[in-house]
Amino acid sequence: MELDKVIKIRRSVRQFENKEVKMEDILACLEAARLAPSACNGQPTHFVILNDKKIKEDFANAVFAGRFLPCRFFKNAPVLVAVCVKKNANLTVKAGQKIVGRPFYLTDQAIAAEHFVLKATDLGLGTCWVGWFSAKKAQEFLKTPRGVEVHTIIALGYPKEKLKQTEHSRKKLEEIYSFNSYK
Ligand SMILES: Cc1cc2nc3c(=O)[nH]c(=O)nc-3n(C[C@H](O)[C@H](O)[C@H](O)COP(=O)(O)O)c2cc1C
């Protein structure tokens with residue numbers, strides 16, 4: 001699919017067909033994520049694919065609890081992808097983040113996740129970025145090592161309603177840019 005078309009048809013999908021996602025499609029999304037850029041090429045992102053029904057549902061029950069209950073419905077997505085990220089992938093990243101005082105790793109995981117999402121869209125899959133979950137519970141459930149955090153979950157599956165180009169609710173183009181100074 002043309003990149004423009006992929007960008008235009010992608011939208012957050014919250015209702016999925018009850019159909020298994022093909023392994024080759026999951027691997028194609030992971031390959032797209034693998035090619036994402038990262039600070040100092042640290043490649044800090046690790047994707048945990050939760051496609052076993054029982055494990056996925058146990059995970060959803062754990063991470064979408066209490067104040068995160070409104071997102072429990074994502075349990076019905078055929079696959080949940082926990083996007084895990086190492087805070088300090090290597091010494092250069094560690095030093096760099098300290099010097100600039102900004103967490104490059106958050107940017108890294110977001111780029112990798114969006115590569116995954118765009119490839120999924122290209123394959124006719126539906127996705128939703130999910131941020132409303134307990135990161136603590138996710139990390140406990142996945143037994144992530146120290147220094148590894150979960151900031152993003154991607155819900156993945158074949159959309160109930162086929163992806164098509166619809167108007168996105170967005171700011172006008174001229175509202176999102178300026179040249180040469182902020183204002
Ligand atoms: C970082 C991030 C976190 C999000 N968290 C949630 C979430 O917890 N639950 C949800 O239903 N949608 C979530 N979304 C989806 C947004 O609501 C959605 O992208 C936005 O409304 C624009 O709609 P669209 O994706 O259909 O274009 C999240 C999106 C991003 C980028």
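Predicted model: local features only at pLDDT ≥ 70, side-chain atom pairs only at ≥ 80, totals over all residues.
Q: Why is the protein chain called as compact as a globular protein of its length?
A: The chain holds 6 helices and 4 strands. Its radius of gyration is 17 Å, close to the 16 Å that the globule rule gives for 183 residues, so the chain is as compact as a globular protein of that length. Along the principal axes, the C-alpha trace spans about 45 × 45 × 35 Å.

Q: How do you know that helix 3 and helix 6 meet, and which residues are involved?
A: Contact requires C-beta atoms within 7 Å, and on that basis Phe59, Ala62 and Val63 in helix 3 meet Lys137, Ala138 and Phe141 in helix 6. By class, this contact has 5 nonpolar, no polar and 1 charged residues. The axes of helix 3 (residues 53-63) and helix 6 (residues 135-142) come within 8 Å and cross at roughly 145°, and the crossing is right-handed.

Q: What percentage of the residues in the protein chain is called buried?
A: A residue is buried if 20 or more other C-beta atoms lie within 10 Å of its own, and buried residues make up 32% of the 183 in the chain.

Note on methods: Residues numbered from 1 in each chain as written. Helix = DSSP H or I, 4+ residues; strand = E, 2+ residues; numbered from the N terminus. Rg over C-alpha atoms; globule rule 2.2 N^0.38 Å. Buried ≥ 20, exposed ≤ 12 C-beta atoms within 10 Å, placed from the backbone. Axes fitted to C-alpha atoms, helices over the stretch in contact; angles between N-to-C directions. Left-handed = near helix turned anticlockwise from the far one by under 90°. Contact = placed C-beta atoms within 7 Å. Nonpolar A, V, L, I, M, F, W, Y, C, P; charged D, E, K, R; others polar.
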